[in-house]
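Dear colleague,

Please find the structure below, handed over for your records. My notes on it follow directly after.

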Amino acid sequence: MANFRLHGSRVLAVDLDGDAVKAKNGAMVAYEGEMTFKKMTGGGEGLRGLVTRRITGEAMAVMEVKGHGTCYFADRATEINLVRLTGEKLYVEASNLLATEAGLRTGTTFTGLRGASQGNGLFTTTVEGSGQAAVMSDGPAIVLRVSAGYPLTVDPGAYIAHTGRLRQQLQSSVGWRTLVGEGSGESFQIRFEGEGLVYVQPSERVTIGGQL
């Protein structure tokens, strides 16, 4: 089984002993030992995944790294967060997914207006199974727990990923940018309810729904 560990906060080290890992194409910065690299297509498994990717546009260039030794991954000096899955599903924006253990299944799921508000389209990437995934963030991410009676509201541009049984609702509100005269219209936010974890970065992407 591949072993994920952080080398600082911006480099992922993966120890391999004959097994494999899937990573964002071009994210390998160094390796020790003997490795082989094979380009894949992310966003789903098999023929059904290929069709889904063509329809949704949620495509990501992925490479499979296999061998004996240690491989190091990084992307634009972004912060890296390790997520351990024990059978549950991780929902993550494709641009924020750095690497997964080879045994984890990837796919796409419909997000509707939530995805459109982030400027990422109507679908997002899913990672499911037991193993580790590495998720990137612009700055150190915070992990916020959502529980019954304690909903969470997140700016679409700061959202990275989430796990658990969460319901999402896109809601409008008057944001502080509107109040200080910098906004051009209505602000949109994502409200999470249920039980789970939400990963948020301390930086906002430029989104469609942040200001409409």
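Accessible areas come from the Shrake-Rupley method with a 1.4 Å probe, and for residues only the protein chains shown count as cover. On that basis, the accessible surface of the protein chain comes to about 10500 Å², of which 53% belongs to carbon and sulfur atoms.

This is a predicted model, in which local features need pLDDT of at least 70, side-chain atom pairs count only at pLDDT 80 or more, and totals for chains, interfaces and linings use all residues. Residues are numbered from 1 along each chain as its sequence is written, and side-chain values use heavy atoms, with hydrogens and water left out.

The protein chain has 3 helices and 12 strands (DSSP runs numbered from the N terminus: helices H or I, at least four residues; strands E, at least two). Of its 212 residues, 45% are buried (under 20% relative accessible area; exposed is over 50%, partly exposed in between; 1.4 Å probe, protein chains only).

Rings of Phe, Tyr and Trp (its six-membered ring) pair if their centres lie within 6.5 Å; planes under 30 degrees apart count as stacked, over 60 as edge-to-face and the rest as tilted. By this rule there are 2 aromatic pairs. In one of them, Tyr-159 and Phe-192 are stacked, because their ring centres are 5.8 Å apart and their planes at 20°. Tyr-159 lies in strand β11 (residues 159–173) and Phe-192 in strand β12 (residues 187–200), 33 residues apart. Tyr-159 is buried at 0% relative accessibility, and Phe-192 is buried at 0% as well.

Lys-39, in strand β3 (residues 28–41), is exposed at 63%.

Kind regards
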